[in-house]
Amino acid sequence: MTDYFDFRSTDGETFFEVVSKNTAHCWKVVDMGNYYRLYHAHKYEDGYHLHGQFGLMLDCVLEIVEHDEWKLGIWRHKRIGKRKQPKTYFDGLIETYCRVPVYV
């Protein structure tokens, strides 16, 4: 997903840090063995806070993308009235990796 993130650092096995190209927010994913911890910072200098714990790496990625779309105001306007809104990056990830149609 290098089109979505800039990779900041990694130890190659237990964690990696990325920066969202959309919001410039920083994220750190730590492999805890049976689950992943997701940390978030608005700016790298601010330091991280725990954002959540997830069972799959995909869940971490979806959480980051959903957070970005919420921060950018996409989710507030996603389903206004009965109009169908354009698919978001999040919707595309769900369709690709979960094999579930987003719009019925």
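I started with Gly52, which counts as buried because its relative accessibility is 15%. My cut-offs: buried is under 20% relative accessible area, exposed is over 50%, and partly exposed is in between (1.4 Å probe, protein chains only).

A note on the source. This is a predicted model, where local features need pLDDT of at least 70, side-chain atom pairs count only at pLDDT 80 or more, and totals for chains, interfaces and linings use all residues. Residues are numbered from 1 along each chain as its sequence is written, and side-chain values use heavy atoms, with hydrogens and water left out.

**Gly52, continued**

I placed Gly52 in strand S5, residues 49-54. Strands (E, at least two residues) and helices (H or I, at least four) are DSSP runs, numbered from the N terminus. Next I looked up what Gly52 touches. Not counting residues up to four places away in sequence, Gly52 is in contact with Tyr36, Arg37 and Leu38. Contact means heavy atoms within 4.5 Å. I also checked the C-alpha atoms of Gly52 and Arg37: they are separated by 6.0 Å, and the two residues are 15 apart along the chain.

**Whole chain**

I then stepped back to the protein chain. Its secondary structure comes to 2 helices and 5 strands. From the N terminus on, I read the order as β-β-β-β-β-α-α. The chain has 104 residues, and 35% of them count as buried. Among contacts with a separation of 6 or more, 26% are accounted for by residues 24 or more positions apart.

**The core**

Which residues touch the most other members of the largest nonpolar core? I found Leu38 and Val65, in a core of 16 residues. Strand S3 (26-31), strand S4 (36-41), helix H1 (57-71) and helix H2 (89-98) each give two or more residues to this core. H1 supplies the largest share, 5 residues. By nonpolar core I mean a set of buried Ala, Val, Leu, Ile, Met, Phe, Trp, Tyr and Cys residues joined through side-chain atoms within 4.5 Å.

I followed Leu38 further. Leaving aside neighbours within four places in sequence, Leu38 is in contact with residues including Trp27, Val29, Leu50, Gly52, Phe54, Cys60 and Ile64.

**The helix pair**

How do H1 and H2 cross? Their axes come within 9 Å, at roughly 160°. Axes are lines fitted to C-alpha atoms, for helices over the stretch in contact, and angles run from 0 to 180 degrees between N-to-C directions. H1 and H2 are therefore roughly antiparallel to each other, a label for angles over 145 degrees.

I listed the residues that make the contact. H1 brings Leu58, Val61, Leu62, Val65, Glu66 and Glu69, and H2 brings Tyr89, Phe90, Leu93, Ile94, Tyr97 and Cys98.

**Two loop residues**

I looked up Ala24 in the loop between strand S2 (15-20) and S3. Ala24 has a positive phi of about 65° although it is not a glycine. Most residues other than glycine have a negative phi. Is Ala24 buried, exposed or partly exposed? At 45% relative accessibility, Ala24 counts as partly exposed.

My last entry is Leu72, in the loop between H1 and H2. Leu72 counts as partly exposed because its relative accessibility is 47%. Leaving aside neighbours within four places in sequence, Leu72 is in contact with Asn22 and Thr23. The C-alpha atoms of Leu72 and Asn22 are separated by 8.3 Å, with the residues 50 apart along the chain.

Conventions: Parallel < 35°, antiparallel > 145°, perpendicular 65-115°, else oblique.
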